[in-house]
Amino acid sequence: MRMALYADIIIDISIEKLDRTFQYRIPEELSESVFPGVPVMIPFGKGDRKIQGYVISVSETPAIDENRIKDIASVCPVSAENGAEEQLLKTAFWMKNHYGGTLSQSLKVVFPVKKSVREKKHFNIVPLLSPEELKSAAAAFGEKHAAARERVLSALSESGEIEASILMDKLSVSKKTLDFLSEKGYLRLESVRDYRNPGFVKGKAKDVRTLSGEQQKVLEAFRHDYDMGLKETYLIRGITGSGKTLVYIEIIDHVVKQGRQAIMLIPEIALTFQTVMRFHERFGNRVSYMHSRLSKGERYDQYERARTGEIDVMIGPRSALFTPFNNLGVIIIDEEHEGSYKAENMPKYHARETAKKRCELSGAALVLGSATPSVDSEYRARRGEYRFFSLDSRPGGGSLANVSVIDLREELMRGNRSMFSGRLKALMEDRLNKNEQTMIFLNRRGYTGFVSCRKCGNVIKCPHCNVSLTSHKDGFMTCHYCGYREKAVNTCPSCGSKYIGGMRAGTEQLEEQTSKLFPGARILRMDADTTKNKGDYDRILSGFKDHNADILIGTQMIVKGHDFPLVTLVGIIAADMSLYAGDFRAAERTFDLLTQAAGRAGRGERTGEVVIQTYSPENYSVEAAAKQDYNSFYEHEIMYRELMDYPPVSHMLKVLTEGKDEEKVKAEAGHLADFVKIDYSVLSGEKKERAVIGPAPDIPSKLKDIYRYAFYVRDRDYERLVDIREKLEKDRRYEMRYDTMVTYDFDPVR
Ligand code: ADP
Ligand code: ZN
Ligand code: ZN
């Protein structure tokens with residue numbers, strides 16, 4: 001006897017307008033194979049063209065006139081145990097319900113676009129010489145300043161056979177270089193498709209180390225829970241070099257040995273060649289990588305390899321979360337505090353929350369790791385929601401850098417108005433003499449043009465939100481949370497000095513001043529302007545790595561993940577730049593960036609030196625970063641969040657209205673905000689005032705001729721915010737107000 005007769009089906013996701021389901025009859029012969037998540041072919045439209053859809057649900061009763069219901073044509077072939085499709089579909093549903101937007105938008109994120117064009121072939125590089133021969137050949141190229149060839153051969157001497165794309169990506173070498181080396185007989189390029197060796201190509205595992213006591217503790221706890229069937233969430237807080245990666249490798253190994261699969265998320269920029277090599281050594285061709293150089297076809301191909309069981313481990317950025325493994329055992333999120341884990345477009349999902357959902361659906365464990373965990377994760381760990389472990393020593397050796405904090409107010413008093421303090425300048429000189437490298441870091445991340453006093457360090461803040469005000473051309477300063485405005489000041493309200501205004505330093509100016517100060521120095525600059533073209537980024541970094549420059553000047557993009565053994569000095573020009581970005585996460589971001597920047601110095605044999613210049617040396621995030629003291633930072637920060645009702649203590653929904661007509665945008669934002677305010681009208685006093693803040697012009701207030709207004713809703717109850725979002729979406733749909741666009745962001749990170 002058959003139960004389900006009808007299936008609700010969503011049409012192939014490329015047709016955006018069809019964000020609804022259609023009912024089809026399940027023919028008798030397909031009754032065994034139609035269930036939620038299965039892709040099917042269905043007749044659609046006037047000509048009954050066959051198109052693809054996904055089964056969302058099945059039922060016994062027709063929702064419309066029985067005679068108008070068509071039959072499902074066929075079920076699309078999928079691999080034997082098709083757990084992945086259903087889980088991903090459920091994940092997409094959850095994302096839509098949780099973050100808003102349309103189901104199509106969520107489906108598009110979860111299922112990669114199928115490209116009809118045949119994907120490019122994968123190549124493996126097969127070395128044709130022994131490791132020793134490769135090493136000496138590499139050295140010979142090094143002497144001839146053929147740095148790219150040197151890099152390839154020296155990497156191959158370590159790796160053995162390896163996928164070409166990952167080597168090209170991580171070592172910044174071109175296909176040309178590989179072709180040259182192949183012509184000369186150093187290596188052979190082998191098409192993976194053609195040869196398809198089902199055997200296991202394994203690197204030479206030399207990363208067999210005895211785990212330290214701290215590492216062992218994490219691993220044992222994980223294995224114990226895992227084997228008991230407890231799939232928990234773990235937070236590993238470990239300083240750089242404390243051996244987190246080795247712990248991840250062991251965890252994955254444990255899971256893979258039991259026939260299940262693993263996903264590891266890592267920001268692309270933080271995935272170094274060394275790390276790739278370590279996974280390669282252990283998992284050989286059973287591990288694969290996602291990176292931005294892959295074309296859509298190649299990306300799809302990577303997913304296919306996962307679906308068909310060719311690989312067990314996927315490493316990649318946010319999107320790797322949706323790798324269609326059928327029997328997922330663990331998701332690891334490295335550098336879990338990173339802002340790049342939050343999607344920028346609808347659905348604005350957070351990889352951490354979404355991973356948690358996917359783990360629930362697959363019965364998998366979740367492991368979060370960072371040297372500076374997000375305040376959100378630390379908060380949960382301390383409340384006992386996550387199991388917490390810390391790694392505080394460096395089993396591989398290496399000491400922390402010496403950090404000094406320079407008070408720029410004192411420099412000003414001494415008459416030094418340049419961007420370099422006396423100490424930083426002296427140290428740079430010293431490094432030039434010793435032929436060592438320096439990184440100079442201007443942190444403009446989130447910089448919004450706040451107003452500060454260079455004499456006393458005072459920063460003008462919003463009296464309601466305790467975030468910095470932003471100065472505008474019209475002579476006013478505004479708060480971009482609540483819209484509070486006041487006239488710009490000419491003298492410091494705190495000390496009366498006239499050295500008050502916006503900070504104007506840019507990387508270009510910084511480069512100018514540096515070359516004036518050190519005429520002989522070779523300088524590279526890396527910022528949005530110098531990395532406009534594809535390949536610029538790699539060219540600058542590998543140039544610096546090859547010691548073609550003494551000083552690298554850059555924005556936050558130089559801070560992450562690179563290993564430069566010759567860098568023994570890191571200078572941070574003005575820590576304040578990110579400290580007073582006008583949002584509640586500014587201090588957290590500053591602490592992360594300063595800690596990371598400090599981690600750049602002295603990665604090699606030599607101990608490094610870090611100079612943090614600031615007008616606010618007494619600020620807790622600067623002080624804590626200088627001492628590399630996470631706990632002290634966290635305890636200050638969480639007090640502020642408690643006091644001001646910011647996440648993670650409370651939750652925040654950002655409602656952003658955008659459109660071409662400023663008046664309409666403003667009106668719609670106002671209308672929606674008023675609509676929400678009704679919900680909170682029963683509250684009184686501060687609570688009521690805090691629940692809905694704004695609307696105010698967002699930052700930026702206009703982008704590519706589109707005006708942007710935002711307001712925020714704060715509530716300790718996350719579900720209530722989800723309800724509010726649903727209500728607003730419904731209201732707009734009902735009245736069909738489509739000349740503005742509205743997007744929703746839960747616990748925004750920028
Ligand atoms: P993290 O990921 O925390 O920055 P890594 O796992 O990269 O740390 O480890 C840093 C260095 O220490 C690496 O060179 C690694 O090989 C080494 N290392 C890690 N664990 C051990 C260990 N148990 N014994 C010896 N060396 C180790
Ligand atoms: Zn002042
Ligand atoms: Zn405000």
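This is a predicted model: local features need pLDDT of at least 70, side-chain atom pairs count only at pLDDT 80 or more; totals for chains, interfaces and linings use all residues.
Which helix gives the most to the shell around ligand 1?

1. Ligand shell. Helix α9, residues 244-257, gives the most to the shell around ligand 1, contributing three residues. The ligand has 16 residues around it, of which Thr 210, Gln 215, Gly 241, Thr 245 and Arg 278 come nearest. Sorted by class, the shell holds nine polar, four nonpolar and three charged residues.

2. Ligand 1 exposes 560 Å² when taken alone, and the protein buries 76% of that.

3. Helix α4. This helix runs over residues 147-159. Its 13 residues should span 18 Å at 1.5 Å a residue, and the end C-alpha atoms are 18 Å apart, so expectation and model agree. Buried residues of α4 are Arg 151, Val 152, Leu 153, Ala 155, Leu 156, Ser 157 and Ser 159. Gly 160 follows α4 and has a positive phi, near 75 degrees.

4. Asp 253 and Arg 282. The whole structure contains 49 salt bridges. One of them joins the side chains of Asp 253 and Arg 282, at 3.6 Å from N to O. Asp 253 belongs to helix α9 and Arg 282 to helix α10 (residues 273-283), so the pair ties together parts 29 residues apart in sequence. Both Asp 253 and Arg 282 are buried.

5. Arg 286 and Asp 312. Here the side chains meet in a salt bridge of 3.0 Å, N to O. Arg 286 is in the loop between α10 and β12, while Asp 312 is in the loop between α11 and β13, so this pair ties together parts 26 residues apart in sequence. Arg 286 is partly exposed, at a relative accessible area of 23%. Asp 312 counts as buried because its relative accessibility is 14%, and the cut-off for buried is under 20%.

6. Arg 307 and Glu 304. A salt bridge of 2.9 Å, N to O, links these side chains. Arg 307 and Glu 304 are three residues apart in helix α11, so about one helical turn separates them. In general, an α-helix has 3.6 residues a turn, so residues three or four places apart point the same way. Arg 307 counts as buried at 14% relative accessibility, whereas Glu 304 is partly exposed at 23%.

7. Network. Salt bridges that share partners join Arg 423, Asp 430, Arg 431, Lys 434, Glu 436 and Glu 609 into one network.

Notes. Residues are numbered from 1 along each chain as its sequence is written. Chains are lettered from A and ligands numbered from 1 in the order in which they are written. Side-chain values use heavy atoms; hydrogens and water are left out. A residue is near a molecule or strand if one of its heavy atoms lies within 4 Å of it. Accessible areas come from the Shrake-Rupley method with a 1.4 Å probe; for residues, only the protein chains shown count as cover. Helices (H or I, at least four residues) and strands (E, at least two) are DSSP runs, numbered from the N terminus. Ala, Val, Leu, Ile, Met, Phe, Trp, Tyr, Cys and Pro count as nonpolar, Asp, Glu, Lys and Arg as charged, and the others, Gly among them, as polar. The expected span of a helix is 1.5 Å times one less than its number of residues. Buried means under 20% relative accessible area, exposed over 50%, partly exposed in between (1.4 Å probe, protein chains only). A salt bridge is a side-chain nitrogen of Lys or Arg within 4 Å of a carboxyl oxygen of Asp or Glu.
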